[in-house]
Amino acid sequence: MEIFIAEHAGYCYGVKRAVDTAIKNLEKNSAKNIYSLGPLIHNDQAVEVLKEKGLKVIKEIADIESGVVIIRSHGVGKSIYDYAEENSISLVDATCPFVKKIQKIVYKMHKSGNNIIIIGDKDHPEIIGINGWCNNSAIIGKSISDFEEIRFNKEKYVVVVQTTMNFKIYEEIKKYLEGKIEDIDFNNTICLATQKRQSSSIELSKKVDAMIVVGGKHSSNTKKLADICMVNCDTYLIETVDDLEIEKISAYNSVGIAAGASTPDFIINEVIKKLSDI
Ligand code: SF4
């Protein structure tokens, strides 16, 4: 069996930065209580490794009275920064700079009187955080149907996009909104890392008999990768090497491996090793 690995697989810049920041702080401040607001990344195995190093996960910032809180790469709304300041809680901000840029656009544009539209998943932490920079007033949708019931007025609208949004879907929604709203500005804030990961996975899925997509079950970018590979060949979404269906996989002559932005190298390497043994 031939094994190929997508050119862009595994940790993206923002996730790697957040994990490195957490490890650095855990090593530096071993005596202090260090928390992450929500799981640091969407990968249970990586979260477990960080837990062993001392990182505690909290759901709400109000769950603690003191300590150091690491903001994960998805970012959070303004109210979290305000709460931390008022309650003398130290924040270590590991928000990905690409997400930070979106938060700044939204904050500035909302402050100067514009309506905000976010193209993305309203339940995703990145979007919940971004909405928190315009007093939770944004109109949010991830498909045209989400915008069909909205009555837009003559005011100005500013659009930002979830960093992991599929570019084709964004273009479709953009075209729809342009036909509905007279005064509208679009900011294509889709992250290049996502585009690269998606296109290298699509490319590979066209060449091989089957694709193995490795990533956490809560990771939306991993699920999206599996969806786009599925169009071209048999695709298996697995979380760890233990999920590999060896009998099925060994029937293929060539297999490609793709991995989500929050999949650690050690998990990808275990999968490669197991496949090499076949
Ligand atoms: S996918 Fe892009 S925006 Fe999201 S954390 Fe990674 S580098 Fe940052």
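First, a term I need: a polar contact is a pair of N or O atoms within 3.5 Å; within protein, one must be able to donate a hydrogen and the other to accept it, and residues adjacent in sequence count only if both atoms are side-chain atoms.

I'm working on a predicted model, where local features need pLDDT of at least 70, side-chain atom pairs count only at pLDDT 80 or more, and totals for chains, interfaces and linings use all residues. Residues are numbered from 1 along each chain as its sequence is written, and side-chain values use heavy atoms, with hydrogens and water left out.

**Entry 1, Ser 262.** I found Ser 262 in the loop between β12 (254-259) and α11 (265-277); helices (H or I, at least four residues) and strands (E, at least two) are DSSP runs, numbered from the N terminus. Its side chain reaches the backbone oxygen of His 42 at 3.5 Å. Is Ser 262 buried or exposed? Ser 262 counts as buried because its relative accessibility is 4%, and buried means under 20% relative accessible area, exposed over 50%, partly exposed in between (1.4 Å probe, protein chains only).

His 74 sits in the loop between β4 (68-71) and α3 (78-86). I noted 12% relative accessibility, so His 74 counts as buried too.

I placed Ser 205 in helix α8 (residues 192-207). Its relative accessibility is 0%, so Ser 205 counts as buried. Which side chain does Ser 205 join in a polar contact? I found Asn 232, at 3.0 Å.
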